[in-house]
Amino acid sequence: MSGALIIGIVVIGLLILVGLWFLMTYNGLVGLRNQVKNAWAQIDVQLKRRHDLIPNIVETVKGYAKHESGTFEMVVKARSAAVSASGVQAQAKAEGELSGVLSRLMAIAEAYPDLKANQNFLALQEELSSTENKIAFSRQAYNDQVMIYNTRIQMIPSNIVAGIGGFTASDLFELQDEAQRAAPSVKF
Amino acid sequence: MWQAIHRNKIKSVILIIVMGMLLVVLGASIGGAIANGTPEGILGGVMISGIIWFIMTVIALTQGKNILLALSGAREVSHDDAPQLYNIVEEMRIAAALPATPKVFILESRAPNAFAVGTPMNAAVAVTTGLLSILSRDELQGVVAHEIGHIKNQDSRFMTIAGIMLGVIVILADIFTRSMFYGGMGRRRSGGSKDSGQLQLILFVVAIVLAILAPLLANLLYLACSRSREYLADASAAIFTRYPEGLASALEKISSSTLPLESANRITAPMYIINPLNKASGTNVVSLFSTHPPTEERIRILRTMASGAGLDAYDNAYGKVKGGRIIGSSDLRSAEVLELRGIKPPQADVNRPKQTREANDILLRLNKFNFVNCACGLRIKVPPAFAAPSVTCPRCGVKHDL
C-alpha cells in the first residue's frame, strides 16, 4: 500500500466521522427544539383553560357581590387582552396582568361568607388555583427546556451546527409582576 | 438532571448484569450438581433458569402494573371523583414533563402512604385516604412529586426487572435446598466413574454455597438500589415543586403515623413512599436489609437544601447530612441553579376532620353514592340502593328529587 492511499483512507474516515457528528448534533438540536415547542404548547393549554374558567367565576361571584362591578370589568378587560396577545413577551405581560386582577377578584370573594360556602364556587376556586399552579409549573418546565436548548446552541462546538442549521435562541417566559413570581397561592 | 438519570441507568444495567450472572451461575451449578456434572446438565440448568426468568419478566413487564395495583386493592378515580388529587397529579406531570398523565388511584386505608408504578408513557399513582386526610395541599404535592419522580426516573420498570430476578434466584435456591433435604436426588444417581463423581461433589458444594449466598447477595444489591432511588426521587420532587419543605413535612407526618397498611406485603413494600411494614417497630435504623433510607435523614436532607432546588443543592445537602455524594459530582457540571419558591404566606392549618370526610366522600362517589346539596348547606349522600324517587333533607325538610 502506498502512502497516498493510507492518507486518503484516513481523510475519508475523518470526513465520515465529522459527518456523523454533524448529523447527530443536528438531530439532537431538532429534538431539543421540538421539546421547547411542546413545553410552550403545554403553557398555552393551561392559559386557554384559565381563559375558559374566568367567565364562570365572574358569573358566580356576581350573584353574591353585585356592587363590585368595577372589578368584574377589569377582569373581563384583562382577559380579552390576554386572549388577543400574541408572541412570548406580549403574552407573558398580558397574562401577568390578568393574574393580578384575578387575585383581586378572589380577595373580594373572601368577604362574602355565603359565596365561600357555595359548592359551585369552591369547585371553581380549586380549578382556578390548580390552573394557576399548572401555568406556573408549565412555565417552569418551559424555561428549563429553553435554558438547556439555548445553552446547547451557544456552546462550542454545537454552535457551529446551530449556525448552519439556522437554530435561534428561544425567549424565556418571565412574568413582569414581582408578586406573581412568588408561589402560586393555594387555598382549601 | 438528565445526566443523573443516565448515570443511574448505567448503574442499573450493571446491577441487572451482576444479578443475571448470579442467576446463570446458580442455574449452572444446580444443573451440574443434579446431573452428574455433565456439560448437558450444566447447560440444562442455565437454560431452565433462563426460561423461568424470561417468562416471569415478560409477564411482569406487560401485566406488572395491573397485578401490583390489584394486589394493593387500589381503585381508579377520575377528575370528578377527586378534583384536588387529580389536579395535583396533573400539576406534577406538567412540572416533570411526562408525556402522559398517570392514572390516579385511591387506597382505602387510614395509614398514610402512596406509591407509583409504570413507565412514563403508562403510569399510575396511588395514595391512601389516610394520606389525603392528614396532609395540606403543598405536602400532598410533595408526595405526588416524589412518586412522579419514581416514574420519571424509570424506577418502577427497573425495580420490576430486578425484583423478578431476585425472585427467580430465591425460588431456584429454594427448590434446590429442599430437593437436597428431602431426596438427595443428585447423589443417588452418581454411579459413573470416580472422576465425574469428584467433579459432581465439587459442583455440589458450590451449588449449596451458592444456594445459600445468592439470594442474600441479590437481595442486598436490590435493596441498596432501592434506597438510592428513594434519595433520587426526593431530589426530583424538590426540582418539580421547587419547594422541598412540602415533601419534608409530609414525610414527617407520614412517619409519625403508626397505623398499619393492611394491604401491603413484602412484594409491594419497596413501591411505597415510606416502608409500610416498618411502622410497628418505630425504629428508623437503616440496615443492609432496609428498602428505604431512614426517614429522618431524608427529611433533614430536604430541609438542608438552602441554596436552591436543583440536583446540586440536594447533593450538597446530602453531603452535609451524611457525608459523601448520592448523585455524583460529574453530573453536576452543567447543573443549572434552580431557585426555590418564595416563602409562602401562612396557610390555614390542616383540617383533619374535614379532609377525612372529603377523602371518604371520594370512596362514596366511587361506590355510586348520589350527592345532593341542599340549600340549607347540608350535603345528603344517597346510597345507590335507595329506591325512593325523592329524599327529604333531615335538617330543613325540603324534598329533593333524585
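Trainee: How many bridges join β3(B) to strand β4 (residues 122-128) of chain B?

Mentor: Strands of a sheet pair through backbone hydrogen bonds, either parallel or antiparallel. In this predicted model, β3(B) and β4(B) run antiparallel and are joined by six bridges; pairing requires that DSSP finds at least two bridges between two strands. A114(B) has V127(B) in β4(B) as its bridge partner. Strands (E, at least two residues) and helices (H or I, at least four) are DSSP runs, numbered from the N terminus.

Trainee: What order do the strands of the open sheet in chain B have?

Mentor: The order of the four strands is β1-β2-β4-β3, with mixed pairing. β1 (75-77) and β3 (114-119) of chain B stand at the edges with a single partner strand each, so one side of each lacks a neighbour in the sheet. From one strand to the next, the twist averages 30°.

Trainee: At what angle do the axes of helix α5 (residues 137-152) and helix α9 (residues 244-256) of chain B cross?

Mentor: Two packed helices are described by the angle between their axes and the distance between the axes. Here the axes cross at roughly 95° and come within 7 Å; axes are lines fitted to C-alpha atoms, for helices over the stretch in contact, with angles from 0 to 180 degrees between N-to-C directions. α5(B) and α9(B) are therefore roughly perpendicular (65 to 115 degrees).

Mentor: Residues are numbered from 1 along each chain as its sequence is written, and chains are lettered from A in the order in which they are written. Local features need pLDDT of at least 70, and side-chain values use heavy atoms, leaving out hydrogens and water.

Terms used: This is a predicted model: local features need pLDDT of at least 70, side-chain atom pairs count only at pLDDT 80 or more; totals for chains, interfaces and linings use all residues. Angles under 35 degrees count as roughly parallel, over 145 as roughly antiparallel, 65 to 115 as roughly perpendicular and the rest as oblique.
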